[in-house]
Amino acid sequence: MNREEVLNQANELIAEKNFKEAKEILNSYLQKTGDESIEIHKTLGLCSVNLDIYPEAKENFEKVVAVNDEDATSWFYLGMIYEGLEDIEKAQKAYKKVIVLREDYKDAYKNLAVIHLKLKNFDTALEFANKALSYDSGDYQIHYIIGTAYTSKKEYEKAAEAMLAGIALNPEHPLMYNNLGSCYLAMKKIKEAQTAFEKSVEL
């Protein structure tokens, strides 16, 4: 099989979430041909990310961006990989590179917001989350991130407002109800807190 045929076969397997077999086909082709094209490495990297094999995925995507520094998607995957390898500094740099290349890449802002939540940089987390929200107000996860940041800042009214916005988009999310209950409890709204906690348990 030539490169195009191998990539087509691998992509069909990836569409079926059969990442292991796709990776085996790509590696076999690479060993036989020595074809170091970025398409092969990008597809191999995608397989490795989904198989949680971060060191190999890192190697693949770093080869891609070494050839094409303007591949925003590969930089995004590198950000995820660096996070998986707990190299937070490199993850932040990768996500910021994505934003430079594609200002509207919502998930890069979202992932930066989560990183800063973990680092307890709540104001910075809110900046990135609100930027993500400006590109997609219908993503319940962004509202959840904003609510979590405000909860950590003890700004419970704003936190509850964000959680309610998230729940409106995804009413089957027990953790948002639980966090909403905690906000109401902090505001001494006992009845509302009880209702939220009961809903969390119900789900």
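So, which helices do the buried residues of α9 pack against? They pack against α7 (106-118), α8 (122-135) and α10 (156-169). Before I go on: this is a predicted model, where local features need pLDDT of at least 70, side-chain atom pairs count only at pLDDT 80 or more, and totals for chains, interfaces and linings use all residues. Residues are numbered from 1 along each chain as its sequence is written, and side-chain values use heavy atoms, with hydrogens and water left out.

A few terms. Helices are DSSP runs of H or I, at least four residues, numbered from the N terminus. Buried means under 20% relative accessible area, exposed over 50%, and partly exposed in between, with a 1.4 Å probe and protein chains only. Contact, for the packing, means heavy atoms within 4.5 Å.

Okay, α9 itself. The buried residues there are Ile 142, His 143, Ile 145, Ile 146, Gly 147, Ala 149 and Tyr 150. After the helix comes Lys 154, with a positive phi near 65°.

Next, salt bridges, meaning a side-chain nitrogen of Lys or Arg within 4 Å of a carboxyl oxygen of Asp or Glu. The whole structure has 18 of them. One joins Lys 106 and Asp 139, at 2.9 Å, N to O. Lys 106 is in helix α7 and Asp 139 in the loop between α8 and α9, so this pair ties together parts 33 residues apart in sequence. Both residues are buried. They also belong to a salt-bridge network with Asp 107, Lys 110 and Asp 136.

Another one pairs Asp 123 with Lys 153, closest N and O atoms 2.7 Å apart. That links helix α8 to the loop between α9 and α10, 30 residues apart. Asp 123 is partly exposed at 47% relative accessibility, and Lys 153 is partly exposed at 28%.

Last bit, the rings. Rings of Phe, Tyr and Trp (its six-membered ring) pair if their centres lie within 6.5 Å; planes under 30 degrees apart are stacked, over 60 edge-to-face, and the rest tilted. That rule gives five aromatic pairs. Phe 76 and Tyr 77 are edge-to-face, 6.4 Å centre to centre with 70° between the planes. Phe 76 and Tyr 95 are tilted, at 5.6 Å and 50°. Tyr 95 is buried, at 0% relative accessibility.

Terms used: Helices (H or I, at least four residues) and strands (E, at least two) are DSSP runs, numbered from the N terminus.
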